[in-house]
Amino acid sequence: AKGARKEWVLRWPGQIVLACDQIYWTRETEEAIKSNDLNGYYKRCHQQLLDVTTLVRTDLTNMQRVSLGALVTLDVHGRDVIERLEQAGVKAQSDFDWAAQL
């Protein structure tokens, strides 16, 4: 997606945002595994979560608020999965702990 995440999540319908978010999360997680940087990606996920929670506190339409509520749920889960992958010592995309998430 072009532009900052906190901008495009407000421009698109909720289902599009949620589907694209999961595609990006999966791709970026695999890149973090390849580059052995799950800790760095965890920090990025945490910052994205903070950005979305800041957006929730702004003036939004009802649909935007519902979409962002669902996105927060996915972001928390995704961040927690990254933390568990790091704790499990995942080093390859073929590791069971990562494959079990797909």
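A: Helices α2 and α3 run roughly antiparallel to each other (an angle over 145 degrees), because their axes cross at roughly 150° and come within 8 Å. Those axes are lines fitted to C-alpha atoms over the stretch in contact, with angles from 0 to 180 degrees between N-to-C directions. Here α2 covers residues 14-34 and α3 covers residues 38-56; helices are DSSP runs (H or I, at least four residues) numbered from the N terminus. This is a predicted model, where local features need pLDDT of at least 70, side-chain atom pairs count only at pLDDT 80 or more, and totals for chains, interfaces and linings use all residues. Residues are numbered from 1 along each chain as its sequence is written, and side-chain values use heavy atoms, with hydrogens and water left out.

So who touches whom? On the α2 side, the contact (heavy atoms within 4.5 Å) uses Tyr-24, Trp-25, Glu-28, Thr-29, Ala-32 and Ile-33, and α3 brings Leu-38, Tyr-41, Arg-44 and Cys-45.

Now zoom in on Thr-29 in α2. Thr-29 is buried, at 0% relative accessible area (buried means under 20%, with a 1.4 Å probe and protein chains only). A polar atom of its side chain lies 2.7 Å from the backbone oxygen of Trp-25. Beyond its neighbours within four places in sequence, Thr-29 also contacts Leu-38, Tyr-41, Ile-82, Leu-85 and Trp-98.

Last stop, the loop between α2 and α3: Asn-36 sits there, with a positive phi of about 55° despite not being a glycine. Most residues other than glycine have a negative phi.

How values were computed
Helices (H or I, at least four residues) and strands (E, at least two) are DSSP runs, numbered from the N terminus. Angles under 35 degrees count as roughly parallel, over 145 as roughly antiparallel, 65 to 115 as roughly perpendicular and the rest as oblique. Buried means under 20% relative accessible area, exposed over 50%, partly exposed in between (1.4 Å probe, protein chains only). A polar contact is a pair of N or O atoms within 3.5 Å; within protein, one must be able to donate a hydrogen and the other to accept it, and residues adjacent in sequence count only if both atoms are side-chain atoms.
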